[in-house]
Amino acid sequence: MEESIMYSTELIRKFPEAPTSPILFVVYNEDMVEDAMFYISTIHGEQYLNDHVTVVPLNTKVEDHIMYDVYIDPMVYKYKHSWND
């Protein structure tokens, strides 16, 4: 049975067109930050990325996380659970 996994770009496409709160996009590790920023700027534009989105790896401590709308890259779940398979 195949697992249904949303891809990163699918989630990024669902970001609001005009966010009312800053967006915190959580990726699995530091290596994935640059790719996520590339996809966000490609899909929504570089200005959108600069104005509305902060991309951080999973192990980052975010002091004021309550102020953000948090989106977790679906790949985080895939990589986290792959060690248990």
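**Close-up views of a predicted model**

**View 1. Surroundings of Val55.** Leaving aside residues up to four places away in sequence, Val55 is in contact (heavy atoms within 4.5 Å) with Phe25, Val27, Val33, Ala36, Met37 and Ile40. This is a predicted model, in which local features need pLDDT of at least 70 and side-chain atom pairs count only at pLDDT 80 or more, while totals for chains, interfaces and linings use all residues. Residues are numbered from 1 along each chain as its sequence is written, and side-chain values use heavy atoms, with hydrogens and water left out.

**View 2. The largest nonpolar core.** A nonpolar core is a set of buried Ala, Val, Leu, Ile, Met, Phe, Trp, Tyr and Cys residues joined through side-chain atoms within 4.5 Å, where buried means under 20% relative accessible area (1.4 Å probe, protein chains only). The largest one has 15 residues, and those with the most contacts inside it are Phe15, Phe25, Val27, Ile40, Val53 and Val55. A second, separate core of five residues includes Val26, Val56, Val62 and Tyr68.

**View 3. The pair of Phe15 and Tyr71.** Rings of Phe, Tyr and Trp (its six-membered ring) pair if their centres lie within 6.5 Å, and planes under 30 degrees apart count as stacked, over 60 as edge-to-face and the rest as tilted; the count by this rule is three aromatic pairs. The ring centres of Phe15 and Tyr71 are 4.6 Å apart with the planes at 50 degrees, so this pair is tilted. Both Phe15 and Tyr71 are buried, and ring pairs link Phe15, Phe25 and Tyr71 into a cluster.

Technical notes. Buried < 20%, exposed > 50% of the residue type's maximum accessible area, 1.4 Å probe, protein only.
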